[in-house]
Amino acid sequence: MDGTMKKPMRVGIVGCGMISSHYAENLKGNLSGAADLVACSDLNLELARNLANEFGVGKACSTEELLEDPEIEIAINLTPAPLHFKVSNQILDAGKHLFTEKPLSLSMAEAKKLLEKAKARGLQVAGAADTFLGGGLQLCRRMVETGRIGDVVGAHAIVTVPMKNNRRYQEVFRGVVLDLTPYYIGALAFLFGPVKRVVGLAPLKYPQKVDSDSGDAFAVDLPSTASAVLEFDGGLTATMLCSHDTHGYYPSIELLGTEGRLKLNDANFYTGTVELRDGEGTTKIEPSDADGYVQSKRGLGVAEMAWALRRGKTPRSSGNYMLHVLEVQLAIYRAAEIGAKVEISSGLEKPSLWEEGELDELRS
């Protein structure tokens, strides 16, 4: 690393729903040293204008106008999951690097097409879940690699959100397995490398539900509770329970080692309390700037992508990383459907930790 300051890359947001403000706050604030948010677009132009006014973004416009702007180098796809493939295709066709919210797409065939198109056009793809770049999970990986809990022999993840009777969550977000598990699968892949195979159980316990807003009955096509066992290349196994039928938000990841137990921060966020339990008792640790990025909101993956592109590197939260996570997500349902193990074919190079001084270059 030469430490040379680089000009921030110009980026634009496509899709100005609720999550867009979480990106805009950081990209117009503490991450603006790497990525300069210059435009935002939405089918509802009023949403784009509101976002631009709130965060001082220079231009609110149509998606077509944003993608025609030659100054914009990275387009951030924050549209709903069913639109990811279509909008990401438009972004790549316009010659822009793509950062997309999870999932990369809703099928492996579509996801592979996006990566193939990007490669053919000399473009990069990156996206969420990028929370492994945060100080919390960075600290946890260093603790694992330095043997703080000895040899890790198993892991357990719980992913829940209280959306049992929310029709929009089922039909637009496609339920907890396709919506939230990327953060937790991604965290485990960051810690232990690629998943080798998946076993899953997902009975359709509630084939019909009643929407809490409208009171209308609706059919459920994907199970809203699923369990899985993930086997990693190194031989570690992790269990995962995923549900949006619960009455609360109770996500967690715990690692069990020969010398202790480590409870990770919530992988849905860049930081949070880490709990170590060993022979000396229980210690709660709050990650600091010395461990990595500990601010809230989103956008760290966009800034890291811009930083990497300026240096001719591949983003850590790369398209291949997203593809691997997606394959594992879909394999949970597939394994449950066929009643057998599902082999994971996508390779993954475990993303590297931040090196000294790198993170400072992203900040304003």
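Student: Where does R334 lie?

Tutor: R334 lies in helix α11. Helices (H or I, at least four residues) and strands (E, at least two) are DSSP runs, numbered from the N terminus. This is a predicted model, where local features need pLDDT of at least 70 and side-chain atom pairs count only at pLDDT 80 or more, while totals for chains, interfaces and linings use all residues. Residues are numbered from 1 along each chain as its sequence is written, and side-chain values use heavy atoms, leaving out hydrogens and water.

Student: OK, and why does R334 count as partly exposed?

Tutor: Because its relative accessibility is 41%. Buried means under 20% relative accessible area, exposed over 50%, and partly exposed is in between (1.4 Å probe, protein chains only).

Student: How far apart are R334 and V199?

Tutor: They are 135 residues apart in sequence, and 8.9 Å apart in space, C-alpha to C-alpha.

Student: Switching to α9: which of its residues are buried?

Tutor: 12 of the 12 residues of α9 are buried, so the helix is largely enclosed by the rest of the structure. Among them are T181, Y184, L188 and F192.

Student: What should its 12 residues span?

Tutor: At 1.5 Å a residue, α9 (residues 181-192) should span 16 Å, and its end C-alpha atoms are 16 Å apart, which agrees. The expected span is 1.5 Å times one less than the number of residues. After α9 comes G193, with a positive phi near 90 degrees.

Student: At what angle do α6 and α9 pack?

Tutor: About 35 degrees, with their axes 10 Å apart. The contact (heavy atoms within 4.5 Å) is made by residues including L137 and V144 of α6 and A187 and F190 of α9. Axes are lines fitted to C-alpha atoms, for helices over the stretch in contact, and angles run from 0 to 180 degrees between N-to-C directions.

Student: What else does α6 lie across?

Tutor: Helix α6 (residues 135-145) lies across β7, β13, β14, β15 and β16, running at about 20 degrees to β15.

Student: How many strands form that open sheet, and in what order?

Tutor: There are 9 strands, ordered β16-β15-β14-β13-β7-β12-β11-β8-β17, with mixed pairing. Two strands pair if DSSP finds at least two bridges between them. β16 and β17 stand at the edges with a single partner strand each, so one side of each is left without a neighbour in the sheet. Strands β13 and β14 pair in the antiparallel sense over 3 bridges, and L255 stands opposite L262 in β14.

Student: Which residues have the most contacts inside the largest nonpolar core?

Tutor: L188, L255 and L262, in a core of 116 residues. The largest share, 10 residues, comes from helix α11. A nonpolar core is a set of buried Ala, Val, Leu, Ile, Met, Phe, Trp, Tyr and Cys residues joined through side-chain atoms within 4.5 Å. Leaving aside neighbours within four places in sequence, L188 is in contact with residues including A155, F232 and L255.

Student: Which order do the strands take in the parallel sheet?

Tutor: The order of its 6 strands is β3-β2-β1-β4-β5-β6, and this sheet is open. Neighbouring strands are turned by 25 degrees against each other on average, direction ignored. Helix α2 (residues 45-55) packs on the sheet, touching β1, β2 and β3.
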